[in-house]
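Please go through the assignments in this model with me, setting each value against the definition behind it.

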Amino acid sequence: MKKEFIYPGILGILLVALPAFAGNYALSVATLILYFAYTGQAWNVMMGFAGQLSLGHALYVGVGGYAAGAIFYHWGIGPWAGLWVAMALCVALGLLIGFLAFRFGISGVYFALLTIAFAEFTRIGFDHLDWIGGPGGMFLKVAQRDTWDLANFRGPPLMYYYTILFLTISALLLCFFLLKSKAGYYWQAIRENEEAAQALGINTFRWKMLAVALSSAMTSISGVFYAFYYNNLFPEQVFSMNRSIELILGPVIGGVGTLFGPILGAVVLTALSDGLTELLAALGWEIPGIKQVFYGVVLLLVIMFLPNGIWPAISRRLRL
Amino acid sequence: MSFDLVVNVLIAGTLTGLVYGLMALGLSVIFGVVRVVNFAHGEMMTVAMYAATVLFALLKLDPFIVAAPVAATFFVFGYLLQAGLINPFITRPEHSQFMLLVAVAIIVGNALLMVFGPDARNLQVDYQLDSFELGRILIDKARLYAAGAAVFTATGLFVFFKKTKTGKAIRACADNYLGAKVVGLNVKHYYALTFGLGGVCVAIAGCALVLLVDVTPPLGPYYTLLAFVIVIVGGLGSMTGALLGGVLIGVSEALAGLFITPSAKSMFSFGLLILVLLFRPQGLLGKRS
């Protein structure tokens with residue numbers, strides 16, 4: 001057994017066993033962490049591997065969640081069918097944005113702003129779509145929480161925990177193999193120097209499109225999960241730029257382009273956020289905004305002093 | 001719908017657009033020279049707006065008088081922000097710079113929420129509801145003065161960049177970082193000056209806009225996005241482009257509010273942004289890099 005499999009293996013076993021000794025609160029925190037870890041991993045495929053900075057990933061979460069949610073809400077068809085619709089829609093959207101951007105030679109700052117523009121455009125559009133509830137939001141019927149209804153993906157928190165754990169592990173394994181595959185090497189070549197990659201005969205357009213398609217497909221699943229876990233969707237929330245930024249904080253803090261960065265970043269940020277809530281409540285400083293100010297300060301410090309993220313610093317220390 | 005109404009809305013949109021343009025000019029100047037996208041731009045704008053309301057409430061000072069000390073303060077803070085925080089990030093990858101300014105935006109925006117709470121604030125000056133009448137055309141006094149202040153500031157900045165030695169030095173840093181260093185310019189100092197000047201634009205735009213709009217903390221991210229849209233439509237780094245983009249967005253918002261529904265007005269701006277990015281990514285007046 002290689003060393004690189006031992007620690008993740010132990011961690012995986014611990015996570016599978018977690019519900020046996022964790023309470024409901026701990027389980028919901030763990031679910032949230034894994035949700036951010038999974039979504040961060042999906043974003044990382046595009047930015048970390050292929051170097052295409054998207055600041056509008058909430059678009060795919062939102063469209064994915066709304067697609068599967070609306071199918072369930074209007075026709076009672078469960079997410080196993082809705083998932084494919086969500087994925088198809090998101091991949092189509094991603095490919096459209098990618099096609100337009102890469103064909104017209106848009107990259108860097110301009111690409112990032114284009115992704116924001118598409119997310120904002122969709123947010124305002126959904127605000128005016130009455131079929132999915134408009135600005136008032138869409139609410140999925142909350143079913144009995146004690147039975148596992150796998151067909152409709154309704155059940156106790158445990159079910160959601162194992163689902164998102166499965167997704168996170170699958171995404172990690174997928175990314176692990178991707179990085180060692182031809183695609184992974186091509187992506188990293190494009191990320192480091194696109195012109196050089198092109199000179200070597202890599203069809204950079206096609207490989208960048210593949211990264212966008214894969215990333216949007218993975219993110220759409222996280223949207224479906226979000227819709228059925230939280231049971232409510234508001235355009236103002238799911239598509240906002242703040243949400244897009246929240247999604248990428250994990251990988252940025254953890255380490256862009258690394259396998260474990262998104263997971264570590266999600267752990268650190270969620271722990272920080274929950275810890276701050278508790279601390280401020282204990283101190284009696286519950287002024288709106290104060291938590292986010294602390295959050296911003298920590299973010300600032302990490303970006304200033306650990307520019308490559310936390311994971312590279314730790315893995316160097318541990319000689320992994 | 002009468003013709004007069006459309007003309008009045010067009011004029012109001014153009015005047016508001018000039019104020020937007022001044023705000024975006026700040027972003028454009030910073031990007032054009034420092035090559036960093038200021039994600040905290042809208043938050044800086046709301047700080048200026050709150051400063052104007054507070055000073056008005058305390059001292060009954062007109063926002064156009066307050067604009068001078070607010071601009072001076074913003075210049076100093078802008079200089080310090082660039083010198084202390086952003087200069088070390090110049091050579092780092094783009095996403096790293098983004099996150100740095102996102103962190104600044106989170107801190108500033110939520111500090112405003114902490115201090116002022118979520119309620120909207122405004123100020124009332126005596127000329128606010130007056131208007132000039134030209135036949136059947138009405139022009140709000142406050143809006144006209146605000147646009148005047150924006151044009152005045154923008155003109156001052158143009159002259160500064162064209163005529164003064166410091167302005168030329170800043171342009172040299174923007175055109176050729178290495179070359180500017182070779183001839184002995186203190187590039188980091190000029191970068192900090194530029195950020196300070198961007199702050200001046202935002203400060204004056206904020207003081208002027210507070211006459212037209214009530215200020216709340218969520219306006220921060222909204223104006224950040226608006227400034228992005230404007231500078232990309234006009235051309236990132238182009239100064240006249242920022243003003244033109246501001247007018248275009250101001251007019252299109254006003255017309256969308258009149259003909260479609262007010263809540264859909266920014267969809268129009270983002271649609272315009274997507275079109276411009278695709279067909280003229282350097283912006284209407286931008287130069288191809």
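Q: What makes α5(A) largely enclosed by the rest of the structure?
A: Of the 19 residues of α5(A), 16 are buried, so this helix is largely enclosed by the rest of the structure; a residue is buried if 20 or more other C-beta atoms, placed from the backbone, lie within 10 Å of its own, exposed if 12 or fewer do, and partly exposed in between. The model is predicted, with local features needing pLDDT of at least 70 and side-chain atom pairs counting only at pLDDT 80 or more, while totals for chains, interfaces and linings use all residues. Residues are numbered from 1 along each chain as its sequence is written, and chains are lettered from A and ligands numbered from 1 in the order in which they are written.

Q: Why is Gly235(B) called buried?
A: Gly235(B) has 24 other C-beta atoms within 10 Å, and it is therefore buried. Its place is in the loop between α9 and α10 (239-259) of chain B. Leaving aside neighbours within four places in sequence, Gly235(B) is in contact (C-beta atoms, placed from the backbone, within 7 Å) with residues including Gly241(B), Gln282(B) and Gly286(B).

Q: What makes up the side of chain B that touches chain A?
A: The contact takes 31 residues from chain B and 36 residues from chain A. Helix α4(B) supplies the largest share of the chain B side, 13 residues. That side divides into 23 nonpolar, 6 polar and 2 charged residues, where Ala, Val, Leu, Ile, Met, Phe, Trp, Tyr, Cys and Pro count as nonpolar, Asp, Glu, Lys and Arg as charged, and the others, Gly among them, as polar.

Q: Which residues have the most contacts inside the largest nonpolar core?
A: They are Val19(B), Met23(B), Ala48(B), Ile204(B) and Ala205(B), in a core of 200 residues; such a core is a set of buried Ala, Val, Leu, Ile, Met, Phe, Trp, Tyr and Cys residues joined through C-beta atoms within 7 Å. Beyond its neighbours within four places in sequence, Ile204(B) is in contact with residues including Leu22(B), Ala67(B) and Thr153(B).

Key:
Two residues are in contact if their C-beta atoms, placed from the backbone, lie within 7 Å. Helices (H or I, at least four residues) and strands (E, at least two) are DSSP runs, numbered from the N terminus.
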